Amino acid sequence: MNLIKFPLLLLSICMLMAACFSGKKNTTSNEPVSLKNVFKKDFGIGTALNTEQIQEKDPKAAVLIPQQFNMATPENIMKAEIIHPQWDNYNYELADKMVSYCEKNNIKVNGHTLIWHSQLPLFARRIQSVDSFKTFFTDHIKTIASRYDGKVYSWDVVNEALNEDGTMRKSVFLQKLGDDFVTEAFRTAQAAAPNTQLYYNDYNNEQPAKRAGCIALIKKIQSAGVRIDGVGIQGHWHLGRIPLKDIEESIIQYAALGLQVMFTELDIEVLPRNFQGADVSQRMNTTASSNPYPNGLPDSLQQKLADDYASLFKLFLKYKGKVTRVTFWGVNDGQSWLNGWPIRGRTNYPLLFDRNFLPKPAFNSVIALKRK
Ligand code: G3I
């Protein structure tokens, strides 16, 4: 090699290495920008998966999911009603499929959920005797948590045990087993799944009163010497009304308990709604104005959604390390539960990907935070 070419070669190698280590996308590559890569050093990026997606029957989702997400939560198929339909009958087919699908695609599974008052099988709702109910409760956790120990990364051990004022919800679990059922659920899960992270999950638990109840609940578990690794704030929020201050305060206070903080069911409601939260038993009546954007979201609202998502992710980034996962409740707008709740048949736009799996302005605004 002659002396003129050598410095040029050296310069090219240095430029290539700089490009590789800068973390920025190679502008000549066609590789799509990916949430999981862009936030790789900050927190995990998850999505809820529905049955079709788990069964890989949705070809466009099958491309987008492994490209964008490194964590996933089954939207319904690990809930008691589906995985444990009868007293002595467990149905693992879809849960096993979820685990193998995620393993194949390097996606960590958050099991959802062991104990929840909603979507309980009929037989469990009919149990009268306290002893039988206790047996159901213990067997359910033991059987499922031990089967998937080390196969799922984490469990939402208990979901939505609190009322809005921070008191305990008068669920069937509370009525039959008393106030300690949450601690007992974690104790049983800890024994059955020593290699799995254990979380408490709720909605509106960033709100001061409910947060205080949630902290009391966590402290109770901890003071019983039982393991709890994290707390999930679901994050079903509303356009233009993201409670950023409460969210920040919650991250600080939950993290101070030694817990990981996760945003586990993130979506932003853009349609009219007269209440906050995600209590599935709440419904609204259809009116002439309940479905205002059947043919597309106006640009001004699209921009507002982008701004809301950017503010949220800015906050999550400020607390990276404390915030360990952000999971969207659905892959694209067309697949969101918010098209059917609290009013059936609406056209909603709460996520980062549109009905054709294309990134929305909100996707770009979130990515832009890391490209500055
Ligand atoms: O299983 C039946 C199926 O047999 C039937 O064909 C179909 C027809 O509509 O309905 C199916 O059940 C539906 C189920 O989703 C599975 O698709 C229920 O009607 C429907 O109510 C249920 O909704 C789920 C909801 O939880 C129920 O509690 C949503 O998909 C799911 O997104 C939502 O998720 C919850 C979290 O688990 C906890 N936090 C709140 C969040 C939003 O509500």
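1. A word on terms before the strands: two strands pair if DSSP finds at least two bridges between them, and helices (H or I, at least four residues) and strands (E, at least two) are DSSP runs, numbered from the N terminus. With that in hand, Ile115 stands opposite Val158 of strand E4.

2. On provenance, this is a predicted model, in which local features need pLDDT of at least 70 and side-chain atom pairs count only at pLDDT 80 or more, while totals for chains, interfaces and linings use all residues. Residues are numbered from 1 along each chain as its sequence is written, and side-chain values use heavy atoms, with hydrogens and water left out.

3. Strand E4 (residues 154–159) has a neighbour on either count of bridges. It runs parallel to E3 (residues 108–115), with 4 bridges between them, and parallel to E5 (residues 197–202), with 5 bridges. In the latter pairing, Trp155 has Leu198 of E5 as its bridge partner.

4. Is E4 covered or open? Mostly covered: 6 of its 6 residues are buried, where buried means under 20% relative accessible area, exposed over 50%, and partly exposed in between (1.4 Å probe, protein chains only).

5. A cavity is a set of points, on a 1 Å grid over the protein atoms alone, where a 1.4 Å probe fits but cannot get out; its lining residues have an atom within 4 Å of a point. Points are joined across faces, edges and corners, and a volume is the space filled by probe spheres set on them. The whole structure has 4 cavities of 30 Å³ or more.

6. The largest cavity holds about 50 Å³. E3 gives the largest share of its lining, 3 residues, and helix H8 (130–147) also supplies at least two. Among the lining residues are Thr113, Leu114, Ile115, Phe136 and His140. By class there are 7 nonpolar, 4 polar and 1 charged, counting Ala, Val, Leu, Ile, Met, Phe, Trp, Tyr, Cys and Pro as nonpolar, Asp, Glu, Lys and Arg as charged, and the others, Gly among them, as polar.

7. The second largest cavity is about 40 Å³. Ile115 and Val158 are both in its lining, along with residues including Glu160, Arg169 and Phe181. The lining divides into 6 nonpolar, 3 polar and 2 charged residues.

8. Finally, helix H14 (residues 361–368) has Ala362, Phe363, Ser365, Val366 and Ile367 buried. Their cover includes helices H2 (35–38), H4 (59–68) and H13 (299–318).

Note on methods
On a 1 Å grid over the protein atoms alone, a cavity is a set of points where a 1.4 Å probe fits but cannot get out, and a pocket is an open set with protein on both sides within 12 Å along at least five of seven lines; lining residues have an atom within 4 Å of a point. Contact means heavy atoms within 4.5 Å.
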